[in-house]
Amino acid sequence: MAENIDRAMMQRCLELARQARGKTAPNPLVGCVIVNNGEIVGEGFHPQAGEPHAEVFALQQAGDRAQGATLYVNLEPCNHHGRTPPCSEAVIAAGIQRVVMGMIDPNPQVAGTGRDRLKQAGIEVSIGIEESACQTLNEAFVHRILHHRPFGILKYAMTLDGKIAAVTRHSAWVTSEAARGEVHQLRATCDAVIVGGNTIRADDPLLTSRQPGQTPVRVIMSRTLDLPNSANVWNTSVASTLVFTQVGVQPAFQTELKQRGVEVVELEPLTPNTVMVNLYDRGCLTVLWECGGTLAARAIAEGAVQKVLAFIAPKIIGGVTAPSPVGDLGLKKMTEALTLEKVSWRAIGSDLLIEGYLPENKIRLSLR
């Protein structure tokens, strides 16, 4: 019975934490619930970096009723002075009797010290309730901490015969309106969305989430900057736009873009890896790759993609030269294929969404 209550309260923590998806970078998603005598007396979640942590909001709501209560939180309370004071000390000062945490914080500044501080204060600590769900919720935060790179997601929509467009490059629309709505929600949870110059030239996308205040930075990678002046992404009143290009390319056009509010960064070399390093330095947690097959292959080969979301429409378009979602990876045998792990799938309208993770030990390839 007690275990069922613990699981239910941890699930509530996760539900609270999700309310801030796409807003907390570079911080994790955290929710907190305080229970006293079987009654929820306090709840809270971390809204964004620089704001109080979830435990603080929950303790404020609980007030005196936190004395002798159980505190649930999906991630170990911090035990260091950052932008905010350590949550472990606030929990101790409030008189909490028991703390249930979903997982240990992988951040070296925490990494078990919060747990240890609570135990030293005589608080009962339980760890690992709904741990798998807690790890999944903060998979981008964990990846960023461990690898010093944002978490990369490759998203594409294709027909049943594996095409992302017709031979004419016409691609509107591969999937249903329901699937496109799912993509808008996905963008709202990401910090940046990346496309290449070919996507801008062929599709002229908006790359927004259609949700006010929840649109990621729109990132364009282009070696030549041979891009149309009228592209939708140059309208920075809708969302921020960041262009990565090579050193010295089209200085006049760079100046024009900057005058329109677009940030232009020259990188040498211009690769998915150097772009991801730059986005890491900017504090990004999750980066969505919505690019064409050539750039997608390069991103996979350089380890810039950890997760794949493939929307499959029940359509057949044919065409020997019709583009596919991933270009040449230099793999010559089916036995060399990258097999996704932890695969799941679900129907979205008439389409199918397949999700999976690239095997970490195989994603760095040598493109030939």
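## Basis of the model

Two strands pair if DSSP finds at least two bridges between them. Helices (H or I, at least four residues) and strands (E, at least two) are DSSP runs, numbered from the N terminus. This is a predicted model, in which local features need pLDDT of at least 70, side-chain atom pairs count only at pLDDT 80 or more, and totals for chains, interfaces and linings use all residues. Residues are numbered from 1 along each chain as its sequence is written, and side-chain values use heavy atoms, with hydrogens and water left out.

## Strand S7 and its partners

S7 (192-196) pairs with S11 in the parallel sense over 3 bridges. Ala192 has Val287 as its bridge partner in S11. S7 also runs parallel to S8, joined by 5 bridges. There, the partner of Ala192 is Val217.

S7 is mostly covered, with 5 of its 5 residues buried. Buried means under 20% relative accessible area, exposed over 50%, and partly exposed in between (1.4 Å probe, protein chains only). In a regular strand the side chains alternate between the two faces of the sheet. Ala192, Ile194 and Gly196 are buried on one side of S7, Val193 and Val195 on the other.

## Strand S12

All of S12 is inside: 7 of the 7 residues of this strand (residues 307-313) are buried, so it is largely enclosed by the rest of the structure. One side carries Lys307, Leu309, Phe311 and Ala313. The other carries Val308, Ala310 and Ile312.

S12 pairs with S6 (residues 151-159) in the parallel sense over 7 bridges. Ile312 of S12 is the bridge partner of Met158. S14 runs antiparallel to S12, with 6 bridges. In that pairing, Val308 stands opposite Gly356.

## Helix H11

H11 (residues 293-301) has 7 of its 9 residues buried. They are Gly293, Leu295, Ala296, Ala297, Ala299, Ile300 and Ala301. These residues pack against S6, S7, S8 (217-221), helix H10 (272-281) and S11 (286-289). Gly303 follows H11 and has a positive phi, near 75 degrees.

## Buried loop and strand residues

Asn74 sits in the loop between strand S3 (70-73) and helix H3 (87-93). Its relative accessible area is 0%, so Asn74 is buried. A polar atom of the Asn74 side chain lies 2.7 Å from the backbone nitrogen of Gly31. Beyond four places in sequence, Asn74 touches residues including Met10, Leu29, Gly102 and Cys134. Contact here means heavy atoms within 4.5 Å.

Glu130 is in the loop between strand S5 (124-127) and helix H5 (131-137). Glu130 is buried because its relative accessible area is 19%. Its side chain makes a polar contact of 3.0 Å with that of Arg7. A polar contact is a pair of N or O atoms within 3.5 Å; within protein, one must be able to donate a hydrogen and the other to accept it, and residues adjacent in sequence count only if both atoms are side-chain atoms. Leaving aside neighbours within four places, Glu130 is in contact with Arg7, Met10 and Gln11.

Val264 belongs to strand S10 (residues 263-266). At a relative accessible area of 12%, Val264 is buried. Phe244 is 20 residues away in sequence and 6.0 Å away in space, C-alpha to C-alpha.

## Salt bridges

The whole structure holds 16 salt bridges. A salt bridge is a side-chain nitrogen of Lys or Arg within 4 Å of a carboxyl oxygen of Asp or Glu.

Glu290 and Arg187 form one, with the closest N and O atoms 2.7 Å apart. Glu290 is in the loop between S11 and H11, and Arg187 in helix H7 (residues 177-188), 103 residues apart. Glu290 and Arg187 are both buried. Salt bridges that share partners join Glu139, Glu182, Lys307, Arg346 and Glu355 into one network.

Glu124 bridges to Arg98, the closest N and O atoms being 3.6 Å apart. Glu124 lies in S5 and Arg98 in strand S4 (residues 98-101), so the pair ties together parts 26 residues apart in sequence. Glu124 is partly exposed at 47%, whereas Arg98 is buried at 17%.
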